[in-house]
Amino acid sequence: KTGVSRRPTLQSRAGLSAALHHVQAAVSMSDEEDEAEEDWRIAKLFAAADKSSPEEFAALVDKVGTKDAIVFGGVMMDQPTARAHFVVLALVDLDDGSLADCLGTRRALLKAAVAAGGAGAGSALIAALEGLLCSPSTAVEGEARESAMSSFDEALKVLWEYEVVSEDELRAWQADERAGRNYQVSSADAIRLHEKGREFLEWVDEGE
């Protein structure tokens, strides 16, 4: 026997309790951080999408604005980035089908929103689609993510065929592999998606 008591004292118990409390608080904060905060405007636009004409939806996008926008949990000061993010998350749900199918279904609303967004809104929309598929904070994962990335050229074709995004803005997006940087898109994912863009534009050029 050492003569040293191994029974916790009242003081050590209090210290243990405090330490446990801090650990539990840290775990709780970590769980909250893992779930990225969404901007309230996304839910508002989502709720309005099925009840609005294209013109009404575009007007609502402009009305809610982008001040103090939250994009994948962080404040976004770049207006075109925030606006495109709101539109994409409000209108594109891969639970409803492939990315190309979703864009085709929502083409009228998307076209009106892009037209109202002015110059650069088309390129910003495609960058927001990059973010939807590739941001570390996105809910898209597994087979749905892989399928959408592998067929990204088909999604671009829908945007081009229905004139949601002009060919000039599509080419501007494809030429800038850092277009999705505000959505934390990795270089590897960006290269992969922009390669799909290159393949699609080659197809367009061959047709001309």
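Me: Which helix does serine 150 lie in?

Reply: Serine 150 lies in helix H8, residues 142-150. A helix here is a DSSP run of H or I of at least four residues, a strand is a run of E of at least two, and both are numbered from the N terminus. The model is predicted, so local features need pLDDT of at least 70 and side-chain atom pairs count only at pLDDT 80 or more, while totals for chains, interfaces and linings use all residues. Residues are numbered from 1 along each chain as its sequence is written, and side-chain values use heavy atoms, with hydrogens and water left out.

Me: Why is serine 150 called partly exposed?

Reply: Its relative accessible area is 32%. Buried means under 20%, exposed means over 50%, and partly exposed is what falls in between, with a 1.4 Å probe and protein chains only. Serine 150 is therefore partly exposed.

Me: Which residues is serine 150 in contact with, leaving aside its neighbours within four places in sequence?

Reply: They are Arg192 and Lys196. Contact means heavy atoms within 4.5 Å. The C-alpha atoms of serine 150 and lysine 196 are 8.0 Å apart, although 46 residues separate the two along the chain.

Me: What is the make-up of the chain in helices and strands?

Reply: There are eleven helices and two strands, in the order α-α-α-β-β-α-α-α-α-α-α-α-α along the sequence. Of the 208 residues, 42% count as buried.

Me: Why are the buried residues of H2 said to be on the same side?

Reply: The buried residues of helix H2 (residues 40-49) are Arg41, Ile42, Leu45, Ala48 and Ala49. They cover an arc of only 135° around the axis, which puts them on the same side of H2. The arc is taken over the directions from the helix axis to the C-beta atoms. The face turned away from this buried side carries the exposed residues Trp40 and Ala43. The buried residues of H2 pack against helix H3 (54-64), strand S1 (69-71), H4 and helix H6 (107-117).

Me: What puts the buried residues of H10 on the same side?

Reply: The buried residues of H10 are Glu169, Leu170, Trp173 and Gln174. Their arc around the axis is only 140°, which puts them on the same side of H10. Asp168 and Ala175 are exposed on the other side of H10. The packing partners of the buried residues are H7, helix H9 (152-161) and helix H11 (187-207).

Me: How many residues does the largest nonpolar core have, and which have the most contacts inside it?

Reply: The largest nonpolar core has 60 residues, and those with the most contacts inside it are Val92, Leu99, Leu103, Leu125, Leu133 and Phe152. Such a core is a set of buried Ala, Val, Leu, Ile, Met, Phe, Trp, Tyr and Cys residues joined through side-chain atoms within 4.5 Å. Helix H7 (residues 121-134) gives the most to this core, with ten residues. Leaving aside its neighbours within four places in sequence, valine 92 is in contact with Leu99, Cys102, Leu103, Leu129 and Leu132.
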